[in-house]
Every structure is written in C-alpha cells, then in structure tokens.
Amino acid sequence: MDFKGMNEHVLKGNVEEVTRGTQEMLESGAEPLRIISEGLIPGMNVVGGLFKKGEMFVPEVMRSAKAMSAGIALVRPLIADSDIPTRGTVLMGTVRGDLHDIGKNLVSMMLESQGFTVIDLGVNITPEQFVAAAEKHRPQIIGMSALLTTTMLAMRETIKALQEVNLTDGIKVMIGGAPVTAAFAKEIGADGYAPDAGSAVELCEQFVA
Amino acid sequence: MNSWLEVLKPEEIEEIHAASLEVLEDVGVEFQLEEARAAFQAHGARVAGSRVYIPRLLIEQALTAAPERFLLEARNPARSVWIGGGETVFAPPAGCVYVQATGTARRSAVPADYIDLVRLVHQSTHYGTNGGGIVIPEGDFGSDEEKFAWLLLAGHWYSDKPQMGLNLGAKVSRLALDFSRMAFGGRPGCRILGTINPDSPLMFSPEMLASLLIYAREGQGLIVAPCSMAIATSPATLAGTLVVNNAEILAGLTLAQLVRPGTPVVYGNTSTIADMKTMAIALGAPELSLLVLGTAQMARRYRLPSRAGGSLTDAKEPDMQAGLESMLSLLSTVAGGVSIVMHAGGILDSFLTLSYEKLIIDEDTGGMAKRFQRGIEVNRETLALEAIADRGAGGNFLDHEHTLKHFRNEIWRPQLSDREVYQEGRDYQAYTLAKATQAWQKRLEGYSRPVLPEEVEREMLDFYHQRFGSEPVLDV
Ligand code: B12
C-alpha cells in the first residue's frame, strides 16, 4: 500500500485496511515518522476539510480518527514519544458536580482530528484531579467544560487551585459549555473561551502558535 | 374523535417492550448508589459491580404496582390536577439560565424574574402547574442550597397551583418535600412532582438516585425521564433510542416501586437527536415529535401517565423558526395524548432561555393544539340539518339559534394571531410580538397573591431563617 492508499483508507475510516497498510509499510522498511506524517495525517486533514464544509459528519469523522489512531498505535512503539508529531497536548474534563459530557467529547474529538493530543479526564473532575493530571501530563492547554450554572463555579476553583501551584504560568486554560460566556471566562481568569468545537480548535491553535 | 395520533403499531410496541426487557436482563443498568443496588438485590436482581441486571418478573410486578393516574394536589384543592387518564396538563419550563423580553438580548435570570414568572404562570389558564425552578437565577444567595430553597419557597408563596419539584441530590429534594409539607399544613397526598434524569445510556447517578429514594419513600410524584440524544447517547435509529429509553424508564420505575409500591411514577421522555454536525441537541427536530408520540404510546401500553414534548425550539428569538418548531412539538404532544408537558411554553435556545413573550405566544400554540385534538364532533345536533334547511341556499348563519348555541364552544380564538385587515403604516415586524409583551405586562399588574395561612407563612420563613441564617427576599 502506498501513502495515497493509506490516506484514502483514513478518509473512509477503514480501521482494518489502515492497520494492514501500516503493518505492510513497517515490514517493507518505511520510516515510522513518515507513515504518520504522510500516510495518516493527510487523510485526516481531508476529513477535517470535508467536515467543515458539511460533507462529512461527526460519526464519520470519529470513524476516520479511529482508523488514524489504529495506525499510530502500531508506529508509536518504534519512535520516541517526543518525536510523535502533535500540535500540543490538551487536558480536558467536565468539572466537579457536572456530568454533561457530549460537548466536551466533541471538542476533544475535533482537537484530536486536528492533530492535538487530548487527554480526556472524563466527568465530575475535582480541582485536585485537574491539578494532579496537569502535574503528571504537563499539557500546553487545559480545557474545562460545565453545563450547569452551579458547577460553573467549580471552574473558578479549579483555576485557583492551578494558580496556587503555579501551573497556570506555562499552561493556557480554556473553558466552555452552554451557560459559559466570554465575560465569565475573563472574570475567573481563564485564558480563553470558545462557544463551540470549531472555535475551540481555533483557540487552541492560537494558544500554541 | 378523540383518538390519539400514533406512530407505532401494536406489534411494534411489543417489539420495543421485548427488546427493552432483553437490555435490562442482559446489558443491565448502572445504579451508582449502593442503597439502590441493595434494593434490587434484595428482590432477586443480579448485581455485579454497579450494574444491576433486572429480571422481567420484577419489571412486571413494578408495573402492576404503579398507578395509572394520580391526583397532583395543589395547596388550593380546586387547582389540583389529574396526571394520567386522558387529560393533558401543561407545566412551565424548568432550569432556564437566561431570560429574554421585549425584543432585547438575553440576560442571566435574576430572582425577580422567577417571582414574575411564577406570577404569570399563576394567572395563566394554559399552565396547570407552577414553580420548580422555572429559571435558575443568579443572585446573592449564601449557597446553592439556599438558592434552591428560595425557589421552592417562592413557588408556594406566589402561587397555589400544584408545584413541580426540584431534584439535584438529596439536600435539595429534602427541601422540596419540606416546603411542600409546610405549604400543605400536613394534608396528605401527592403534593409535588419531581424529575429524575437517567444519564443515558443506561445509567443513574448517585444524586438522582438519592432524590428518587427520598421522593418514593414519601410517596411523592416522580417523573423518570431520560434526555438522550440519538447518535450520541442513544442509537441513531429512533426505534433503538426508544428501546434504551424504555429500559431506563422501567428501571427507574421499578426502583421506585420496590422502595414503596404504589409510588406515582410518570413515564417520561425528553429524548431527541443530536445534530450530526454540531452535536447540539435539536428540540425542533421532527424526530423529537416522533419520539414524543412513541413515548405516549409506550406509556399507554404500561397503563402509566406520560411526560414528553413541550413547546420546543432551538431558535434564539421568538421568530419564524421558533413558531414552526414549537407548533410541531406541542401539536404532537397534545395529539399524542401526553399526560403532563413540562416546558409547555416560553422555551427558546434548546431549554437555555425563557422568553416572556413566548410564554404568552405558546398559550396560543397550546390552545390551537388542544382545539385540533378535540377533533370534529359528529352527531344529530352538530350536523345542523335544521339550520341548513332554515337558511337554505344563499342565506347566512350569523344570527341563527344553532350558531349562537355552538360557536363559542366549537371555535377557538387566538389571543395574538392577526386576523384583521391590512393596516397601512402598522409595523408588522413587531406587531404580534408587541401584543404578547402587553399581555404579560398587563397580567403582572393584575396579579394578587394567594396568601397562605399566617402560621404557615411564619413556619416557612422560620424554617428558612433557621436553615440559612437569613431572610428570604420575597417582595422584589
Ligand atoms: C443533554 C442534557 C443532559 C443530559 C446529559 C447527557 C450527557 N452525557 O452529557 C442529562 C439528561 C444526563 C442531563 C442531566 C442534567 N441536566 Co442537563 N441538559 C442537557 C441539554 C439538553 C443539552 C446539553 C448538550 O449535550 N448539548 C449538546 C452539546 C454538543 O453542546 P454543549 O454541551 O453546549 O457543548 C458545546 C459548547 O458549549 C462548547 N463546549 C462545551 N464544553 C466545552 C469545553 C471547552 C474547553 C470549550 C472551549 C468549549 C466547550 O463546544 C461544544 C460543541 O459545540 C442541556 C440544555 C442545553 N441546551 O445546553 C441541559 C441543561 C444543561 N441541563 C440542565 C439540568 C438542570 C440538568 C440536571 C440538573 C437535570 C435534573 N434535575 O435532572 C441534570 C444534572 C446532571 C449533572 N449533575 O450534571 C439545565 C441547566 C440549568 C442550569 N441553570 O444550570 C439545562 C440548561 C436544561 C434545562 N433548562 O433544564 N442533562
């Protein structure tokens, strides 16, 4: 299989073919990094474009992302972590007391499909858990989601907790969720707010630029 | 006449039922509270970790125990309403974050909004119930708990209609029951109706379960209502979504009946689809209306009252989109024979915003829908043969006895729709909306509070003071 063929299979979201192709390429001695940057990522870039235009939809994007990840998983053991192409690591979570996760999942998926590495902590994440995960993973960006007016306040606490251990110095914090506003983000000292997944990606691009 | 609009054939209802039982037995439901799992286990359900596998026998027993209808009592008994049994009761919105009025942009709700909304809903003949956190206001409360206590207190304070509950874990649920107990002066009966949301697919959070147990133990009314979004938190197919939702509702209902057989439980469902591009919840979608109709049918299959639908839209203004989506959803809700309808007016922006104008506009939406559902009555009298013979060819019926006898009942008249001739110079962009504005403003002016007995008011205020160390702000 050649890189073009791989791109096609990523676009179609064909996990088996991408797996087979990646193995084949590795066996025939292709350079691992090139498999990722020329075989897998360009396919996903096409997917991103079609999604923007409204020609592909979320379930299809996820299928493609899964196919790409299957390829990356095979290549990963062969290269140093630091060599894996990523535009940045984003730590995502829904804050304490809140179980709404559809929006957060969508933001994570979009970020992943656009080349960010996302560590998704899940729902009901306490300030302490955010701090611990930030210390462990040292992300460039932390994203918090809240859908309840009551749990929005946990965002403020989380930022405070991050500040206390000086984690906000090197890390950008973004927040979102239906009742969250740009004004609120400013008020609690977040670095950014995005109203939807598309603008969340743009925000992250700005953060790492 | 008076048959319900239905989308499922009887055998399809049975297929969904059978599929849900299979899910309950084989896939199981996650109950994230030990007490809830213990109740199931004690009755022979298999429990592994936090999963409960519910045998069909337990479900069938629970269904026999749950009442087909119940009286949701108001502190003013004349305002009590039957939930189930064929009537459709409208309830106000719940949980809105923003309000919007008189053509200005949305803003965060404040306590004064809540009071005004309770006053408006109190006077409306459209809404059968009141209270229960129509909006969740921003405000200077010592704690969230105090805020919810205030909402509950204000609901009783400003209206003697039946009250909707508030459920966000044990503390708030207890407050809901405490205030209603005080308002009723110890009178027995079902005096509050709260909602339990499973976290689709097939999960119940510890908070919701704690609330469920508290309500059930006191025999108070519960709506078990998933809000899944097909393609995200339930299958893409509407049939598959109904299977998951049905399993969730039956699971919640069964727990309530295990705790206290006979607990009034409403078969609820507010599920719809997720938009395939934005994943946003789409309330204006035709698929929502189909699920509403399916839900009402499933509830009838189980001889349970139902909750679904509303006057729902994703539009951000009371505009064209709001009008057409709200009508589709409310017409389906009413024509489908749903028993109680939360969000039956005022909703904009997928539950986020409450529009004062739309609160009034939807009285017309509901009026139209209810008239539609009433259908065409055909009998000797309505066939009007005598009147036809009397006036013969070329006559008119305007002043005929038959007309005078029937027209007011037969014909429904909107309060807002424009049926006048074209008026030069009238601003038609703003005309009907301005009528809605006038309507709610006038109603607020005409409001008078249905006071509670003095000792009851004292008791409620003392309770609040003791609990929170402050006086509730009640006349803003
Ligand atoms: C679906 C839903 C649920 C589902 C959640 C399922 C799930 N797995 O997430 C269920 C039924 C479980 C649920 C439960 C409850 N819910 Co709810 N829920 C909703 C609903 C209808 C839609 C939310 C949604 O998924 N939207 C679709 C996604 C794609 O949009 P989104 O989340 O806004 O995300 C987008 C953006 O906001 C942004 N974004 C999101 N996160 C982030 C993060 C970052 C970093 C960035 C940059 C951007 C970003 O990008 C996303 C993609 O474009 C909303 C109403 C609404 N219109 O928002 C109510 C709503 C949020 N819920 C509400 C309530 C009250 C509850 C309950 C308390 C109800 C109850 N009494 O049972 C419980 C609380 C449970 C808990 N502890 O969290 C209220 C909140 C009221 C308030 N004043 O706070 C709302 C507004 C509805 C209402 N009017 O009652 N809910």
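Analyst: We begin with a definition: a residue is buried when its relative accessible area is under 20%, and exposed when that area is over 50%. Please keep in mind throughout that this is a predicted model.

User: Which residues are buried in α6(A), and against which elements do they pack?

Analyst: The buried residues in α6(A) are P127(A), F130(A), V131(A), A133(A) and A134(A). Their packing partners are β1, β3 and α7 (152-164) of chain A.

User: What follows α6(A) in the chain?

Analyst: R138(A) follows α6(A), and its phi is positive, near 45°. When reading backbone angles, one notes a positive phi where the residue is other than glycine, as with R138(A). This residue lies in the loop between α6 (127-137) and β3 of chain A. With a relative accessibility of 54%, R138(A) counts as exposed.

User: Where does D349(B) lie, and is D349(B) buried or exposed?

Analyst: D349(B) is found in the loop between β19 (347-348) and β20 (353-355) of chain B. Its phi is near 50°, again a positive value in a residue other than glycine. D349(B), however, counts as buried, at 11% relative accessibility.

User: Let us turn to peptide bonds. Which residues does a cis peptide bond join?

Analyst: The quantity to inspect is omega: it is about -5° for the cis peptide bond that joins S200(B) and P201(B). P201(B) is located in the loop between β10 (192-196) and β11 (203-204) of chain B.

User: In which helix is S211(B) found, and with which residues is S211(B) in contact?

Analyst: S211(B) sits in helix α7 (residues 206-217) of chain B. Its relative accessible area is 0%, so S211(B) is buried. With neighbours within four places in sequence left aside, S211(B) is in contact with N167(B), L168(B), G169(B), A170(B), S173(B) and I196(B).

User: Next, the ligand. Between which chains does the ligand lie, and which residues come nearest to it?

Analyst: The ligand is placed between chains A and B. There are 47 residues around it, of which L99(A), H100(A), D101(A), N197(B) and S350(B) come nearest. By class, this shell comprises 28 nonpolar, 14 polar and 5 charged residues.

User: Which element gives the most to the shell around the ligand?

Analyst: α5(A) gives the most, supplying 5 residues. In chain A, α5 (102-113), β3 (141-145), β4 (172-176) and α9 (197-208) each supply at least two residues of the shell.

User: Which donor from the protein does the cobalt atom of the ligand have?

Analyst: The cobalt atom has a single donor from the protein, namely NE2 of H100(A), at 2.3 Å. H100(A) is situated in the loop between β1 (89-94) and α5 of chain A.

User: What are the distances from backbone atoms of G97(A), T149(A) and G177(A) to the ligand?

Analyst: A polar contact is read from pairs of N or O atoms within 3.5 Å. For G97(A), a backbone N or O atom is 3.1 Å from a nitrogen atom of the ligand. A polar backbone atom of T149(A) lies 2.7 Å from an oxygen atom of the ligand. For G177(A), a backbone N or O atom is 3.4 Å from an oxygen atom of the ligand.

How values were computed: Residues numbered from 1 in each chain as written. Chains lettered and ligands numbered in written order. Predicted model: local features only at pLDDT ≥ 70, side-chain atom pairs only at ≥ 80, totals over all residues. Heavy atoms only, no water. Near = heavy atom within 4 Å. Polar contact = N/O pair within 3.5 Å; in protein donor to acceptor, adjacent residues only side chain to side chain. Helix = DSSP H or I, 4+ residues; strand = E, 2+ residues; numbered from the N terminus. Nonpolar A, V, L, I, M, F, W, Y, C, P; charged D, E, K, R; others polar. Donors = N, O, S within 2.8 Å, 3.2 Å for Na, K, Ca; no water. Buried < 20%, exposed > 50% of the residue type's maximum accessible area, 1.4 Å probe, protein only. Contact = heavy atoms within 4.5 Å.
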